[in-house]
Amino acid sequence: MMSKAQREMITSILTDVDDMTIATVRENGFPQATTVSFVNDGLTIYFGTSPNSQKARNIARDGRVSLTVDRRYEDWNEIKSISAAGHATIVTGSKEKEIIGQLIYAKFPQVDELIIDEKAEVAFVRVDLIIISLLDYSKGFGHNELVEA
């Protein structure tokens, strides 16, 4: 069971960090790891990608994913990060897409400055975390707490 303190730490890491590495499952069974910028709503993670990208095709076929989110640190005693497994889905609902857009503009206001081809399609992906490994080396080298989301 996740404690309130663990939930707050995980949410804080997700909110403070801009990029994560997400691993999807290729058709041949091998993992594919990719770095993506992301936003979150509590423990729910969202990111955008091309609907024709390898990761979007992987997720459409098999939604199992693993990911890591790491806070910056100067020395190992400051490491605070999460490693998690979850289920990813391509978002289809317009209301949820609107919420994702608001979260993206709030976290990445520079998105307005990007020149994006108006014909370019974006697939939004939602990741629902299932199990989370919370790393907090301030509690000792290698300290890890495994919690269910």
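Helices (H or I, at least four residues) and strands (E, at least two) are DSSP runs, numbered from the N terminus. The structure described here is a predicted model, in which local features need pLDDT of at least 70 and side-chain atom pairs count only at pLDDT 80 or more, while totals for chains, interfaces and linings use all residues. Residues are numbered from 1 along each chain as its sequence is written, and side-chain values use heavy atoms, with hydrogens and water left out.

Aspartate 136 belongs to strand E7, and alanine 84 to strand E6. Burial is defined by relative accessible area (buried under 20%, exposed over 50%, partly exposed in between; 1.4 Å probe, protein chains only). Contact means heavy atoms within 4.5 Å. The table leaves out neighbours up to four places away in sequence.

| Residue | Relative accessibility | Contacts |
|---|---|---|
| Aspartate 136 | 4% | Met9, Ile79, Lys80 and His143 |
| Alanine 84 | 4% | Val65, Ser66, Leu67, Leu129, Ile131 and Ile132 |

The side chain of aspartate 136 also makes a polar contact of 2.5 Å with that of serine 138. A polar contact is a pair of N or O atoms within 3.5 Å; within protein, one must be able to donate a hydrogen and the other to accept it, and residues adjacent in sequence count only if both atoms are side-chain atoms. Alanine 84 and serine 66 are separated by 18 residues in sequence, and their C-alpha atoms lie 5.6 Å apart.

**Nonpolar cores**

A nonpolar core is a set of buried Ala, Val, Leu, Ile, Met, Phe, Trp, Tyr and Cys residues joined through side-chain atoms within 4.5 Å. The largest has 25 residues, of which Ile10, Met20, Phe47, Leu67, Val69, Ile82 and Val127 touch the most other members. Two or more residues come from each of helix H1 (4-16) and strands E1 (19-25), E4 (44-49), E5 (64-70), E6 (80-90) and E7 (123-136). Strand E7 contributes the most, with five residues. Another core, of six residues, lies apart from it and includes Tyr46, Ile100, Phe108 and Phe124.

Beyond its neighbours within four places in sequence, leucine 67 contacts Met20, Thr21, Ile22, Ile45, Ile82, Ser83, Ala84, Val127 and Leu129.

**A pocket**

A pocket is an open set of points on a 1 Å grid over the protein atoms alone, where a 1.4 Å probe fits, with protein on both sides within 12 Å along at least five of seven lines; lining residues have an atom within 4 Å of a point. The second largest pocket is lined by Asp16, Val17, Asp18, Asp19, Asp70, Arg71 and Arg72. Its volume, the space filled by probe spheres set on the points, is about 160 Å³. The lining comprises one nonpolar, no polar and six charged residues, with Asp, Glu, Lys and Arg counted as charged.
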